[in-house]
Protein chains: 4
Amino acid sequence: MIIITQPGATEEQIEQIVARVHEFGLETQISRGSSRVIVGVIGPEELVREKPLAAMAGVEAIVPVLKPYKLASYQSRGAASTVEICGVSIGGDSAVTLMCGPCAVESREQMVSIARLVKESGARILRGGAFKPRTSPYSFQGLREDGLRFLADARNETGLPVITEVMDARDLPMVERYADCLQIGARNMQNFSLLKEVGRSHLPVLLKRGFSATINELIMSAEYILSEGNMNVLLCERGIRTFEPSTRYTLDLSAVPILKARTHLPVVVDPTHGVGVREIVPQMSLAAVAAGADAIMIEVHESPDDAKSDGEQALMPATLAKLVPRLRAVANAIGRDL
Amino acid sequence: MIIITQPGATEEQIEQIVARVHEFGLETQISRGSSRVIVGVIGPEELVREKPLAAMAGVEAIVPVLKPYKLASYQSRGAASTVEICGVSIGGDSAVTLMCGPCAVESREQMVSIARLVKESGARILRGGAFKPRTSPYSFQGLREDGLRFLADARNETGLPVITEVMDARDLPMVERYADCLQIGARNMQNFSLLKEVGRSHLPVLLKRGFSATINELIMSAEYILSEGNMNVLLCERGIRTFEPSTRYTLDLSAVPILKARTHLPVVVDPTHGVGVREIVPQMSLAAVAAGADAIMIEVHESPDDAKSDGEQALMPATLAKLVPRLRAVANAIGRDL
Amino acid sequence: MIIITQPGATEEQIEQIVARVHEFGLETQISRGSSRVIVGVIGPEELVREKPLAAMAGVEAIVPVLKPYKLASYQSRGAASTVEICGVSIGGDSAVTLMCGPCAVESREQMVSIARLVKESGARILRGGAFKPRTSPYSFQGLREDGLRFLADARNETGLPVITEVMDARDLPMVERYADCLQIGARNMQNFSLLKEVGRSHLPVLLKRGFSATINELIMSAEYILSEGNMNVLLCERGIRTFEPSTRYTLDLSAVPILKARTHLPVVVDPTHGVGVREIVPQMSLAAVAAGADAIMIEVHESPDDAKSDGEQALMPATLAKLVPRLRAVANAIGRDL
Amino acid sequence: MIIITQPGATEEQIEQIVARVHEFGLETQISRGSSRVIVGVIGPEELVREKPLAAMAGVEAIVPVLKPYKLASYQSRGAASTVEICGVSIGGDSAVTLMCGPCAVESREQMVSIARLVKESGARILRGGAFKPRTSPYSFQGLREDGLRFLADARNETGLPVITEVMDARDLPMVERYADCLQIGARNMQNFSLLKEVGRSHLPVLLKRGFSATINELIMSAEYILSEGNMNVLLCERGIRTFEPSTRYTLDLSAVPILKARTHLPVVVDPTHGVGVREIVPQMSLAAVAAGADAIMIEVHESPDDAKSDGEQALMPATLAKLVPRLRAVANAIGRDL
């Protein structure tokens with residue numbers, strides 16, 4: 001940590017700043033410039049991270065030097081990690097994984113039928129929501145336990161492991177009975193109680209980036225899960241909120257290489273929610289693979305016109321079937337399988 | 001709801017669109033333009049809001065006509081409502097209310113001392129966090145029940161009602177035992193499980209705008225609370241995330257008159273979190289009163305340098321004491337008390 | 001300037017960094033932390049600002065210490081400056097100034113009539129566009145020299161000085177013949193050729209913030225004008241682009257106190273363009289005065305339904321007349337005249 | 001265009017709205033819903049686009065139906081167009097084109113040397129700035145005519161056509177003497193005078209998206225150029241401004257398929273400026289090709305540490321040489337050459 005003083009800081013103020021740092025058991029090293037003094041803080045920065053040194057008289061700015069996350073950092077492992085979901089490896093040198101399924105679980109028949117179709121196309125994980133976070137209290141909120149049961153049925157029929165969202169810590173034991181991977185939705189990325197709870201689960205967790213969260217905030221939320229002992233975390237880019245109205249969100253693909261440089265965790269991209277416009281989901285999926293994503297999550301629905309949630313963004317199974325060979329070709333072009 | 005067709009939509013596609021609307025028990029009225037057909041949907045729009053008509057062939061755009069919220073809408077009451085917190089009225093023609101206190105509860109002594117100081121300056125509600133949502137799992141997370149107890153002690157000493165955040169539905173019964181008003185933080189604005197839970201509480205709820213939530217999404221989240229039966233909801237603008245780095249968030253004061261036009265609920269402004277820079281909190285507080293806010297929430301700390309959370313944005317009690325007469329003068333200038 | 005090295009930076013890399021700084025004639029001071037080395041650069045920072053030290057091997061981050069602007073900085077004068085427009089003083093302790101008029105000049109009669117009405121209400125500057133920057137090439141682009149002539153006629157009839165936009169350096173001599181103050185529009189805030197040109201004008205310049213410009217970029221653009229010798233610059237906040245769709249832009253009133261702390265230049269707020277919604281212009285004008293603005297620019301049109309440009313945001317003269325006493329009351333409440 | 005009335009609109013208000021539309025020579029068709037009236041406007045929408053119908057009493061919203069651009073729209077041609085720059089075809093089914101070179105022209109030797117290196121790697125267009133738009137007036141502003149001369153020298157040595165920025169209409173004749181394609185920078189995307197001027201040039205124009213311009217505003221700015229008669233316009237995505245601080249801008253790759261659906265113009269992506277971080281330029285270039293870009297513009301510098309402008313984002317020639325085969329592999333994977 002580096003403390004930069006204001007141009008007119010007095011000697012007394014500087015002494016107080018230094019004294020405060022020493023109180024925390026840290027050393028200082030002082031550099032005097034032509035108009036400012038720089039106080040370098042030497043020692044474990046965590047000890048003072050909490051302290052509002054910035055509020056002290058004479059301080060102009062505080063520059064943190066160490067990253068605020070540890071367990072999630074690439075340095076902490078020195079290599080990319082892989083996460084296993086019932087035998088499907090994601091991350092590291094593993095093949096790019098397709099995760100497909102409808103936005104919301106609607107019926108047993110729907111889930112089994114879609115699971116078969118997406119498996120045939122090459123998907124290796126099945127997604128579907130039994131609990132749906134909806135902006136309006138009057139919108140369809142999901143089938144809850146029935147939905148979970150239909151997901152499990154679809155897994156039993158096809159062998160595809162199941163990923164599904166948990167929105168409330170009180171539902172976690174129930175969700176754990178049916179799911180193979182937990183999803184934390186974008187709106188709950190900073191629901192810290194929930195993060196701690198899934199941090200104590202035995203299941204892997206796919207953590208979606210909040211639509212106005214910075215990349216570092218996403219990593220900090222992953223740190224909440226990791227620090228409770230659950231090391232199987234997947235990070236998911238799913239679009240950020242910007243001024244552009246043509247897409248529901250702006251898919252930030254630069255998050256992929258940045259997350260892979262800063263953390264060892266696998267990175268998933270969800271182009272469906274990221275753009276919210278069915279017509280450009282294929283191009284954005286191809287781009288996500290090219291950018292280095294370890295997995296791609298794509299919404300698929302057999303009759304989007306009848307979908308109970310977000311139908312206008314889901315691909316038809318036939319479109320997915322045509323897209324997969326192109327995704328594979330792009331993956332191969334950058335030296336990966338799919 | 002209005003359905004606009006694409007320029008090349010065929011008669012068959014238009015018939016299918018119309019048939020689909022009729023399936024939902026609604027009527028249609030068709031206007032043929034020189035290049036497009038407009039299908040007006042007549043009847044209760046909620047019946048089709050869920051349905052992805054936009055995904056049908058030949059549809060270019062869907063324009064909703066009715067607002068998606070009901071209980072929160074100004075029209076539903078036809079007048080501004082007031083919310084009472086232990087005898088303090090907020091909203092309508094009531095005086096502008098000051099809500100002050102530290103970011104985090106740190107000790108019994110701190111709370112009682114600050115409560116006395118802010119009461120003397122004119123505050124009528126005491127704020128303080130016992131549960132702190134923190135980006136990092138390694139940051140101070142709040143004193144929990146001890147913090148709630150200290151808040152209640154400060155209320156007993158000063159008579160100031162207490163507002164405090166609840167982050168987890170499981171903590172709600174405990175928080176209800178101590179608090180006079182519940183706060184839902186910005187990061188939980190779309191934690192729908194929590195919203196429903198506080199919608200069943202007997203306490204009023206201050207709902208903070210998520211820092212990337214639109215004004216309408218804030219109203220929709222209020223609708224979650226109202227639809228569970230709790231009609232005592234305060235809406236709070238606390239800054240949105242933009243590209244500007246000079247302030248932590250951008251305080252969107254235009255939300256004040258817009259919320260007051262669209263809803264009957266009282267509107268609170270939190271300039272402290274909205275800008276995150278102590279030096280400009282006074283000016284933004286004055287501006288918030290001028291813009292029509294019903295209450296202003298200001299963080300105050302006796303020694304911000306030692307604060308356990310967000311010290312650099314809290315006002316000193318002496319600064320607050322000097323600010324209040326100016327806030328009152330601005331309130332008077334627009335015809336209100338404070 | 002402070003150079004922070006990467007954790008694994010080698011001694012050789014550090015030596016190269018230091019050598020590079022010395023090449024520019026600057027001194028260094030080195031602080032060694034437990035995992036990083038901090039190189040403080042001592043001497044005039046401008047000498048290296050251009051140099052991409054950040055691209056050197058072993059460098060993690062560069063922290064500038066000095067502000068990138070000089071002539072605009074508050075420190076350069078040590079006091080707020082005032083700008084005179086034909087005898088009307090703006091800034092410093094001067095009364096808050098109202099600048100009113102239509103978006104676009106439409107006819108001689110219109111300008112003279114509106115000029116009289118706004119003068120009666122208390123406006124002291126007349127605004128109106130003869131050159132209109134329009135998103136579409138098919139929209140009304142302004143009356144050009146005729147428009148300038150009508151503005152000058154209105155000034156002659158009422159004595160109100162005239163402010164009008166210049167969009168092209170080639171039009172500057174013509175605009176200078178008629179106007180009393182030049183306006184640089186938001187879309188041209190970084191049209192550096194134009195900034196330099198108006199920097200050589202004898203007229204004061206009102207510089208509008210680009211709708212995605214940071215506060216510091218606005219100051220840097222002012223610096224372009226100042227560095228050519230024109231010291232009469234007014235800075236104008238007029239809304240930034242965010243994700244919120246309820247207003248055309250988000251008026252960033254926190255820019256007012258920040259600009260006044262960082263620079264000595266007067267600060268103007270344009271709530272009309274900042275929100276684009278007539279209904280909330282009065283509240284935002286009141287808030288702007290409370291936040292400390294030196295002048296408020298409000299669009300007024302006698303029959304907004306017939307306006308050739310932006311009619312839905314202009315106030316009726318009668319609304320302005322009712323607003324001004326309230327603006328004055330708020331100005332008085334914070335110790336200023338209007 | 002569709003006019004939606006407020007729930008309480010009176011018959012008199014509706015009659016006035018209809019009368020106003022008729023004044024403009026257009027027909028109306030009225031649909032009465034349960035709480036609102038919808039006035040469909042039949043006829044050429046341009047006639048009323050300018051008119052602020054939204055400001056009329058009783059109007060809740062105006063929904064434009066026709067797109068505001070014509071010449072740029074895909075429909076106007078019914079096929080993708082290609083732009084030729086000295087024999088290099090861009091767009092349609094042409095091979096993906098690489099445009100490479102330094103940010104700023106620094107010397108004759110530099111330009112010739114880089115031109116040779118990038119040509120060897122596969123670039124087919126040479127870029128380099130002789131006029132540099134810089135935030136600070138104290139930064140290097142470019143070599144002007146000398147820079148243009150060095151670019152022309154590099155073209156003569158290598159045969160690579162040259163693209164370079166023009167910032168001021170007064171410099172256009174000079175730039176036209178040396179360049180093969182004009183570039184309009186992001187900061188000038190709404191410098192409408194300059195757009196009209198290059199619309200009269202015989203050279204093709206690469207138009208960069210302003211960093212806070214919507215996709216439709218970019219198309220409208222292209223329409224300015226097209227409407228002056230210059231049909232050779234390339235659209236360039238180069239990042240938009242968001243809250244994310246890890247990258248200088250957020251590269252909006254979804255703009256690629258959207259622009260290609262809405263317009264017939266070729267689409268270029270500039271990942272270098274879009275992210276501003278050298279380390280992730282390769283991944284974002286691969287993603288841009290996968291998303292369907294017709295050309296990729298990449299900054300290359302032989303010794304980025306010494307670059308006069310933006311050195312930290314330029315690739316070394318050796319990195320480019322290794323990247324090109326991977327770009328080609330991705331292009332082939334989606335059925336294109338490079």
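**Entry 1: chain A overall**

I started with chain A and counted 12 helices and 14 strands. Helices here are DSSP runs of H or I with at least four residues, strands are E runs of at least two, and both are numbered from the N terminus. The model is predicted: local features need pLDDT of at least 70, side-chain atom pairs count only at pLDDT 80 or more, and totals for chains, interfaces and linings use all residues. Residues are numbered from 1 along each chain as its sequence is written, chains are lettered from A and ligands numbered from 1 in the order in which they are written, and side-chain values use heavy atoms, with hydrogens and water left out.

I boxed the C-alpha atoms of chain A along the principal axes and got roughly 75 × 45 × 40 Å. Of its 338 residues, 66% count as buried. Buried means under 20% relative accessible area, exposed means over 50%, and partly exposed lies in between (1.4 Å probe, protein chains only).

I then looked at contacts in chain A with a separation of 6 or more, and 68% of them join residues 24 or more positions apart. A contact means heavy atoms within 4.5 Å.

Chain A splits into domain 1 (2-64) and domain 2 (82-333). The bounds come from an automatic or database domain assignment. I took the centres of the two domains over C-alpha atoms and found them 44 Å apart.

**Entry 2: Arg134(A)**

I looked up Arg134(A) in the loop between β8 (125-127) and α5 (145-158) of chain A. Arg134(A) counts as buried because its relative accessibility is 13%.

**Entry 3: chain B, positive phi**

I checked backbone angles in chain B. Cys86(B) is not a glycine, yet its phi is positive, about 50°. Cys86(B) sits in the loop between β5 (83-85) and β6 (88-90) of chain B. At 55% relative accessibility, Cys86(B) counts as exposed.

Arg144(B) is another non-glycine residue with positive phi, near 55°. Its place is the loop between β8 (125-127) and α5 (145-158) of chain B. Arg144(B) is partly exposed, at 42% relative accessibility.

**Entry 4: helix α11(B)**

Why is helix α11 (residues 281-291) of chain B largely enclosed by the rest of the structure? I found that 10 of its 11 residues are buried, so the rest of the structure largely encloses it. The buried residues include Val281(B), Pro282(B), Met284(B), Leu286(B) and Val289(B). Ser285(B) is buried too, as are Ala287(B), Ala288(B), Ala290(B) and Ala291(B). After α11(B) comes Gly292(B), with a positive phi near 110°.

I looked up Thr247(C) in the loop between β12 (233-237) and α9 (255-262) of chain C. Is Thr247(C) buried or exposed? Thr247(C) is buried, at 3% relative accessible area. A polar atom of its side chain lies 2.9 Å from the backbone oxygen of Tyr249(C). Leaving aside neighbours within four places in sequence, Thr247(C) is in contact with Ser254(B) and Ile258(B), and also with Val275(C), Val277(C) and Ile280(C).

Gln110(C) belongs to helix α4 (residues 108-121) of chain C. Gln110(C) counts as buried at 10% relative accessibility. Its side chain reaches the backbone oxygen of Ala104(C) at 3.4 Å. Not counting residues up to four places away in sequence, Gln110(C) touches Pro102(C), Ala104(C), Val105(C), His301(C) and Glu302(C).

**Entry 5: where chain D meets chain C**

I counted 48 residues of chain D in contact with 48 residues of chain C. The two chains bury about 4100 Å² between them, 47% of it on carbon and sulfur atoms. Buried area is the accessible area (1.4 Å probe) that two parts lose on being put together, summed over both.

How many salt bridges are there between chain D and chain C? The count is four. A salt bridge needs a side-chain nitrogen of Lys or Arg within 4 Å of a carboxyl oxygen of Asp or Glu. One of them pairs Glu217(C) with Arg241(D), the closest N and O atoms being 2.7 Å apart.

I also found 21 residue pairs in polar contact across this interface, both residues at pLDDT 80 or more. A polar contact is a pair of N or O atoms within 3.5 Å; within protein, one must be able to donate a hydrogen and the other to accept it, and residues adjacent in sequence count only if both atoms are side-chain atoms.

On the side of chain D that touches chain C, α7 (192-198) and α8 (215-226) of chain D each supply at least two residues. I sorted the residues of that side into 19 nonpolar, 12 polar and 17 charged. Nonpolar covers Ala, Val, Leu, Ile, Met, Phe, Trp, Tyr, Cys and Pro; charged covers Asp, Glu, Lys and Arg; the others, Gly among them, are polar.
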